[in-house]
Amino acid sequence: MTQIMFGLNVSTSAAPGTDPVADARRAVEFGFDFVSASDHLHGRSPTYETWTMLAWIAASTSRIRIATRVLGLPYRHPAVVAKMAETLDRLSGGRLILGLGGGASDEEFRAFGLGERSPRDKVDALDEAVRITRGLWARRAFSFAGERYRTEGAELEPKPGHPIPIWLGTYGKRALTLTGRLADGWIPSLGYAPPDQVRLMRERVLAAAVGAGRDPGAITCAYNMEVHVGEPADPRPSLVSGPPEAIVERLVGFHGMGFTAFNLIAPAGHVETLGRDVIPAIRSTVAGHHGGQSSA
């Protein structure tokens, strides 16, 4: 049985009183497996830069994994990200999950002078980014000539000491196929991939993996969602809410659809209840289901 992983969002807010390290340490205290942060650099609200914040968190913790959810590709050249990732993974003791995305918010990229890309160009650039990153991690004098990115005899040393997982946040048909062909994980958000659509999306990812000669079972399917626990159920489809037992039922259902990781975006006051009441109950319920299947 694949172990279920639970992640907790750490807000990038730099407003007075925020403390991302304290948030990460609470995630450790209450049994989460990884922390993650989104990547939005443009805006009037004060925020931290995602990679720098996560590096600070990694230096202040020792067990929990660190995930980018997900880096907006136009912000950073993938060859530079490959170097950044190797360094953070090495210094953190192998705890990085590198999440990448084509970049959803064109307004942000225009604001930073990075231009706009068509949906097709975003997928093509993401394909190139994964290939460049993996090439630099594995090969000497790596050259790559793409439509968006190039390298010429690029040397990246040291090479990663172990495979660094790359998770992609993707939704469209071409992007899902790319994920199945190249990625180690898929992390869609509930608001953009609701349950009535996400099953077929996941099937496309896994079919692409099979078509590429890969083991589809090796791809981590992680569901990203906002969770409010202990409150009356909220009808918004992008939100999972209700008493602990209702949250457990919903997430166990998602596990039954093939998701073995969950990234939870929750108010600070809900983290303890998630860690003490919800996560253990999900683990126990899923283990019981598998135990029953084994003994049948």
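User: How many salt bridges does the count come to?

Analyst: This is a predicted model. The rule asks for a Lys or Arg side-chain nitrogen within 4 Å of an Asp or Glu carboxyl oxygen. By this rule the count comes to 16 salt bridges.

User: Which residue forms a salt bridge with R283, and how far apart are the closest N and O atoms?

Analyst: R283 lies in helix 9, residues 271-295. Its partner lies in the loop between helix 1 (20-29) and strand 2 (34-37), so the pair ties together parts that are 250 residues apart in sequence. The partner is D33, and the closest N and O atoms are 3.0 Å apart.

User: Is R283 buried or partly exposed?

Analyst: Buried requires under 20% relative accessible area, and exposed over 50%. R283 has a value of 23%, so R283 is partly exposed.

User: How many residues apart in sequence are the parts tied together by D39 and R76?

Analyst: D39 and R76 form a salt bridge, with the closest N and O atoms 2.8 Å apart. D39 sits in the loop between strand 2 and helix 2 (50-59). R76 sits in the loop between strand 4 (71-72) and helix 3 (78-91). The parts tied together are therefore 37 residues apart in sequence.

User: Are D39 and R76 buried or exposed?

Analyst: The cut-off for buried is under 20% relative accessible area. D39 comes to 3%. R76 comes to 11%. D39 is buried, and R76 is buried.

User: What separates E86 and R90 along helix 3?

Analyst: The side chains of E86 and R90 meet in a salt bridge at 2.6 Å, N to O. E86 is buried at 3% relative accessible area, whereas R90 is partly exposed at 42%. The two are four residues apart in helix 3, so the separation is about one helical turn.

User: Which residues are linked with R140 in a network of salt bridges?

Analyst: Here the links form a network. Linked with R140 are E155, E157 and K159.

User: Which residues of helix 5 make the contact with helix 3, and how many of each class does the contact have?

Analyst: Helix 3 passes helix 5 in a right-handed crossing. Helix 3 contributes P78, A79, A82, A85 and E86. Helix 5 contributes A129, I132, T133, L136 and W137. By class, the contact has eight nonpolar, one polar and one charged residues.

Terms used: Residues are numbered from 1 along each chain as its sequence is written. This is a predicted model: local features need pLDDT of at least 70, side-chain atom pairs count only at pLDDT 80 or more; totals for chains, interfaces and linings use all residues. Side-chain values use heavy atoms; hydrogens and water are left out. Buried means under 20% relative accessible area, exposed over 50%, partly exposed in between (1.4 Å probe, protein chains only). A crossing is left-handed if the near helix is turned anticlockwise from the far one by less than a right angle, and right-handed if clockwise. Contact means heavy atoms within 4.5 Å. Ala, Val, Leu, Ile, Met, Phe, Trp, Tyr, Cys and Pro count as nonpolar, Asp, Glu, Lys and Arg as charged, and the others, Gly among them, as polar.
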